[in-house]
Amino acid sequence: MQTIIDKNIQQAAHFLNAGEVVAIPTETVYGLAGNAFDAEAVAKIFEAKSRPFFDPLIVHTHALEEVYKLVTEIHPQLALLAKQFWPGPLTLLLPKKNSIPDIVTAGLPNVGIRIPQQVDTLKLLNELNFPLAAPSANPFGYVSPTSAKHVYQQLQGKIPYILDGGECNVGIESTIVGMHNGLVTVFRIGGLSIESIEVVVGKVMLHIHQGDNPAAPGMLSAHYAPNKKIVIGNIHENIKKYSGAKLGIISFKTIFSEIAPKYCYTLSVNGSLREAAQQLFAAMRNLDNSDIEIILTEIFPDEGLGKAINDRLTRASFKRA
Ligand code: TXA
Ligand code: MG
């Protein structure tokens, strides 16, 4: 199959209307989208990603009225978050109507819903008369793509179309929130900070899975992982400790002159966690595709998007720990 990369929303709509899957830009990461009402189209998403069927997909739409057509209710607390943060990097787990096929939610009663903030994808969603089920557009377990080129590198030949919306502004997946035992609960830390959420609904619970047998699938410990080994800790010390290996670095704001600049990714010299999050996955990919052997990185400040960065680095480091 030939894979086209272009900016043509009509063409993307054409493929989606024909039951095909198309990669779409969002402000978080690129998604691999198909008609959420069409179980066959959704099955093609799982196939293209080699994703296990137990891992449910997020459904994307363009307006709150549309969300009400897909779910039986929105808890008042979650409705506050929806009003405040949609469109944006927030996914809400909500009780689904029967129009959403079971394959989308892996048989779970709740569906993850999100209104993304990306102008081309919002236009596309507006044109279609169905919502789009879309996981991140990477092979299962690998780092999410934050540009059309990233998607092409891994899914070329498997999908007909990539809608090119440039680089993702946020660069890290959405924060997933739902109700659990009557309390607002965060299931995945992501591009919307917990602090921002707490301003609206007060203190939230965290239900972030760190084990290998998750109750909420996709929260596997080893996830978002490049193929190279990742070591988290004091970078200066680890440069000495691993001096026998060819090293790459992902640091927050310090430039490490011991390492050739092309292998040293300083994510934000100004110390902006937002900028660091936006750069993180591209840095992981570039080092993974280079000839280094080990990626050294550090713990980021445990606040704002730093929490999401630390979560992704930790999961990435699990794979080859
Ligand atoms: O930012 C994002 O969320 C991106 C863009 C494309 O929207 N999507 C994304 O999808 O990251 P994915 O499939 O790579 O990650 C979604 C996570 C998975 O870990 C999945 O297990 C969880 O959300 N999830 C989805 N639906 C769920 C549900 N009904 N109940 C519990 N977890 C759910
Ligand atoms: Mg993913």
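Start your tour by selecting β12 and strand β15 (residues 294-297), which pair in the parallel sense over four bridges. What you have open is a predicted model, in which local features need pLDDT of at least 70 and side-chain atom pairs count only at pLDDT 80 or more, while totals for chains, interfaces and linings use all residues. Residues are numbered from 1 along each chain as its sequence is written, chains are lettered from A and ligands numbered from 1 in the order in which they are written, and side-chain values use heavy atoms, with hydrogens and water left out.

Helices (H or I, at least four residues) and strands (E, at least two) are DSSP runs, numbered from the N terminus. Two strands pair if DSSP finds at least two bridges between them.

**Stop 1**

Next, show the whole sheet. It is open, with four strands in the order β12-β15-β13-β14 and parallel pairing. Which strands are at the edges? They are β12 (229-232) and β14 (264-266), each pairing on one side only. From one strand to the next, the twist averages 15° (axes are lines fitted to C-alpha atoms, for helices over the stretch in contact, and angles run from 0 to 180 degrees between N-to-C directions).

**Stop 2: the eleven-stranded sheet**

Now colour the other strands in this order: β1-β8-β2-β3-β7-β4-β6-β5-β9-β10-β11, an open sheet of eleven strands with mixed pairing. Find β1 (4-6) and β11 (205-206) at the edges: each has a single partner strand, so one side of each is left without a neighbour in the sheet.

The partner to pick out next to β1 is strand β8 (residues 161-163), paired in the parallel sense over three bridges. Select Ile4 and look across to Tyr161, its bridge partner in β8.

Then go to β5, where you can compare two kinds of pairing. Three bridges join β5 to β9, and these two run parallel; look for Thr91 with its bridge partner Ile176 in β9. Strand β6 (residues 110-114) is joined to β5 by four bridges, and this pair runs antiparallel. Here the bridge partner of Pro95 is Asn110 in β6.

**Stop 3**

Select Pro87, in the loop between α4 (76-85) and β5 (90-95). The peptide bond from Trp86 to Pro87 is cis, with omega near -5°.

Move to Ser50, in the loop between α2 (39-49) and β4 (58-60). Its phi is near 50°, a positive value in a residue other than glycine. Is Ser50 buried or exposed? It counts as exposed, because its relative accessibility is 54%.

Asn181 is next, in the loop between β9 (175-180) and β10 (183-188). Phi of Asn181 is near 50°, and this residue is exposed, with a relative accessible area of 69%.

**Stop 4**

Finally, visit the second largest pocket, which holds about 210 Å³ of space. Of its twelve lining residues, the closest to its centre are Ile189, Ile194, Leu206, Asp302 and Lys307. On a 1 Å grid over the protein atoms alone, a pocket is an open set of points with protein on both sides within 12 Å along at least five of seven lines, whereas a cavity is a set where a 1.4 Å probe fits but cannot get out; lining residues have an atom within 4 Å of a point. Grid points are joined across faces, edges and corners, and a volume is the space filled by probe spheres set on the points.

Highlight α8 (194-201) and α11 (305-318), which each supply at least two residues of this lining. The largest share, three residues, comes from α8.

Note on methods: Buried < 20%, exposed > 50% of the residue type's maximum accessible area, 1.4 Å probe, protein only.
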